[in-house]
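Please explain the strand pairing and the aromatic contacts of the structure shown here.

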Amino acid sequence: MYFLRTVLNVSNIIIHPPGFYIIGFETFPFISVYFIFLSFVYVVTVLANCLVIYVICFNRSLHTPKLLAVVNLAVIDVILNTCTIPSMIKIFLVKDNFIPFNLCLLQMYVYYAFISLESYALAILAYDRLIAICFPLRHNSINTMQSMSWIVGVTWFFGLGVTLFTTSLMSRLSFCNSVRVFSYFCDYAPVFRLACNDYSMQWASVSFLTILILAVPFTFILLSYVSILATVFMMKSLDSRVKALATCVEHIILVAVFYIPILTIFCVGFYLGLIDPDQRVLSLSLASCIPPCVNPLIYSLKTREIKIRVLALVRRNTIGTQPTNPPKTILLGLIKHSTK
């Protein structure tokens with residue numbers, strides 16, 4: 001094996017297999033129950049987030065900086081779960097766990113690109129809370145639609161660009177031994193560890209990517225809430241403090257649901273290797289799939305403006321589906337007229 005690696009490094013021969021086999025759930029008990037659960041998670045993700053997108057996009061009164069950040073999160077949630085859950089369900093239903101090489105790289109790119117965008121979307125929502133609470137008098141002049149559009153656009157450009165660079169490095173690796181990926185999708189680290197040439201550059205890039213997509217936004221969120229707490233405790237009225245903190249509760253829950261499992265799995269499981277591989281695959285799949293499902297339920301659909309529009313939409317559809325009976329007064333008039 002050492003000789004083979006030397007030959008590959010000297011001659012610069014790159015060997016790409018036809019594809020890989022995803023084997024993360026082969027030894028997992030009660031797999032059918034888990035995939036039924038994932039199907040439910042995916043349906044809720046698509047329906048809830050599409051409802052949020054529809055309500056915001058088709059109501060001009062909801063075209064505000066905060067709700068632009070909310071619809072940005074909803075779009076990311078739909079794409080993130082669409083990237084992984086359908087392919088996982090396909091493996092279970094069709095019993096075909098093979099994925100072509102180029103499609104594997106595409107799935108890897110989309111997953112990590114939108115995980116990074118998810119992380120930055122939560123940081124954008126923290127920025128919105130920071131401006132609203134710490135600079136209430138200048139909120140409308142600082143946090144405008146134009147500035148929020150620029151922030152969202154920059155995060156998309158940065159997330160897609162950095163992930164494209166790190167994913168393209170995979171094409172420099174040769175795979176001449178095993179093509180069995182122990183994960184639930186074409187995961188970056190489990191794939192490059194199958195290479196038979198040096199993958200130190202890929203290891204360095206994934207470590208750097210982890211810092212960019214997780215540590216940087218999470219640090220910004222923590223600093224934002226330190227500033228928010230400092231501002232809140234300077235308020236004289238207890239009622240004002242409670243109202244200010246109440247607007248942050250749902251966002252704090254989103255941050256905890258997304259970052260705590262992901263950071264634990266990456267730091268403890270990936271770098272320290274202290275988590276059982278089966279548990280790592282299950283934990284990472286849950287940590288990736290659950291946040292896009294619960295985000296609209298915990299945060300987006302509880303936003304006052306969106307809740308009002310959704311309830312109005314439900315009432316309108318409910319009234320529209322009722323039989324078109326004449327009002328009670330008209331019925332009474334007709335009855336009196338017929339008795340004469």
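The following paragraphs treat the strands and then the aromatic rings.

This is a predicted model, in which local features need pLDDT of at least 70 and side-chain atom pairs count only at pLDDT 80 or more, while totals for chains, interfaces and linings use all residues. Residues are numbered from 1 along each chain as its sequence is written, and side-chain values use heavy atoms, with hydrogens and water left out.

Helices (H or I, at least four residues) and strands (E, at least two) are DSSP runs numbered from the N terminus, and two strands pair if DSSP finds at least two bridges between them. Strand E1 (residues 19-22) pairs with strand E2 (residues 98-100) in the antiparallel sense through three bridges; Gly19 has Pro100 as its bridge partner in E2. With strand E3 (residues 180-181), E1 pairs in the parallel sense over two bridges, and there Arg180 is the bridge partner of Tyr21.

Aromatic pairs number 22 in the structure; rings of Phe, Tyr and Trp (its six-membered ring) pair if their centres lie within 6.5 Å, with planes under 30 degrees apart counted as stacked, over 60 as edge-to-face and the rest as tilted. Tyr112 and Tyr188 make an edge-to-face pair, at 6.3 Å centre to centre and 80 degrees between the planes. Because Tyr112 lies in helix H4 (residues 101-134) and Tyr188 in helix H7 (residues 188-192), this pair ties together parts 76 residues apart in sequence. Both Tyr112 and Tyr188 are buried, that is, under 20% relative accessible area, where exposed means over 50% and partly exposed in between (1.4 Å probe, protein chains only).
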